[in-house]
Amino acid sequence: MIRYVYANDLNDFPRLKRTMFQDRADQFKARLGWEVDIDDKGEELDEYDGLNPLYVIWEKPDGTHGGSMRLLPTTGPCMVNDHFLNLTDGVRISSPLIWECTRFCLSRTAEPRTAAALMLAGGEVMSGFGVEHYVGVFDARMVRIYRMIGSSPEVLGAMGTGRDQISVGLWSFTEQARLSVAEKAGIPPETSRRWFNLAFGDLVTTDQPAQRIA
């Protein structure tokens, strides 16, 4: 199932927390060779994990991490503005209607539908919190994944070629896209919405996440 957990609440899910950060270390350091910091517990965290982001997490039946992504508003510190302005010609992306999506991670043992389930959950956040777009930096390997689940971004800028290409993309999420991604994930839309409501209730206003993510 999908869990929506703010960083400040991760300790309520110790096994999910531990395996998520370990899977991030495995994906970004071991498999992709990124220059990321791994702590003595074998977990990957950075400064943005300290800003109380919202994590969207696919939890496997045994309570471990299957896949996840991290959401932060662009009105505060975020990677695209702090480290990747060269990809947007120096233009800062800052709006309460645009959130940044980073650390898209899939466990080695993730179900094939996990990526689509995360995208579907991201759409629930957009709908529930009044977010119009996500922005994020992605590498060439993600292009195929986005295309496969029917959620390809508008590319705002890129550098490099082939497997070394890095891009900044902007995502929107229409109702048609929601239904399509739900089908690919094998998750009924009403189930997806129920998971969201379990986390936030039926009434969510656009100012709530800004208050929680500070």
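Author: What follows goes through the sheet, then its surroundings, and then some single residues.

The model is predicted. Its sheet is open and is built from 7 strands, in the order β1-β2-β3-β4-β5-β7-β6, with mixed pairing. The edges are formed by β1 (2-6) and β6, each of which pairs on one side only. From one strand to the next, the twist averages 25°.

β1 and β2 are paired in the antiparallel sense, with 5 bridges, and Tyr6 has Leu54 in β2 as its bridge partner. β2 is also joined to β3 (residues 65-73), again antiparallel, by 6 bridges. Within that pairing, Glu59 stands opposite His65 in β3. β2 and β3 make up a hairpin, with 5 residues between the two strands. In the turn of this hairpin, Gly63 has a positive phi of about 85°.

In a regular strand, side chains alternate between the two faces of the sheet. For β2, Leu54, Val56 and Trp58 point one way, while Tyr55, Ile57 and Glu59 point the other way. All of these residues are buried. Because 6 of the 6 residues of β2 are buried, the strand is largely enclosed by the rest of the structure.

Helix α6 (residues 189-200) packs on the sheet, where it touches β1 and β2 (54-59). The direction of α6 makes about 25° with that of β1.

Towards the other end of the strand order come β5, β7 and β6. Strand β5 (residues 133-139) pairs with β7 in the antiparallel sense, over 6 bridges. Asp139 stands opposite Ile166 in β7.

The nonpolar residues come next. The largest nonpolar core has 39 residues. Tyr4, Leu54, Val56, Val125, Phe129 and Tyr134 are those with the most contacts inside this core. Helix α3 gives the most to the core, with 10 residues. Another core, of 12 residues, lies apart from the largest one, and includes Leu72, Phe84, Val168 and Leu170.

What does Tyr134 touch, not counting residues up to four places away in sequence? Its contacts are Leu71, Ile98, Trp99, Cys101, Gly122, Val125, Met126, Gly169, Leu170 and Trp171.

Helix α3 also meets another helix. The axes of α3 (residues 114-129) and α4 (residues 141-149) come within 10 Å and cross at roughly 70°. Angles of 65 to 115 degrees count as roughly perpendicular, so α3 is roughly perpendicular to α4. On the α3 side, the contact is made by Ala115, Ala116 and Met119, and on the α4 side by Ile145, Tyr146 and Ile149. By type, the residues of this contact are 6 nonpolar, no polar and no charged.

Two threonines can be set side by side. Thr102 lies in strand β4 (residues 98-106), and with 10% relative accessibility it counts as buried. Apart from neighbours within four places in sequence, Thr102 is in contact with Met69, Arg70 and Met79. Pro77 and Thr102 are 25 residues apart in sequence, and their C-alpha atoms are 13 Å apart in space. Thr161, in contrast, is exposed, with a relative accessible area of 63%. Thr161 is found in the loop between β6 (154-159) and β7 (166-171). Between Thr161 and Ala140 there are 21 residues of separation in sequence and 8.6 Å in space, C-alpha to C-alpha.

Two further residues concern the backbone. Asn52 is not a glycine, yet has a positive phi of about 55°. Asn52 sits in the loop between α1 (14-31) and β2, and is buried, with a relative accessible area of 6%. Asp89, also not a glycine, has a positive phi of about 55°. Asp89 belongs to the loop between α2 (79-83) and β4, and is exposed, with a relative accessible area of 74%.

Note on methods. Residues numbered from 1 in each chain as written. Predicted model: local features only at pLDDT ≥ 70, side-chain atom pairs only at ≥ 80, totals over all residues. Heavy atoms only, no water. Axes fitted to C-alpha atoms, helices over the stretch in contact; angles between N-to-C directions. Helix = DSSP H or I, 4+ residues; strand = E, 2+ residues; numbered from the N terminus. Parallel < 35°, antiparallel > 145°, perpendicular 65-115°, else oblique. Contact = heavy atoms within 4.5 Å. Nonpolar A, V, L, I, M, F, W, Y, C, P; charged D, E, K, R; others polar. Core = buried A, V, L, I, M, F, W, Y, C linked by side-chain atoms within 4.5 Å. Buried < 20%, exposed > 50% of the residue type's maximum accessible area, 1.4 Å probe, protein only. Pairing = 2+ DSSP bridges.
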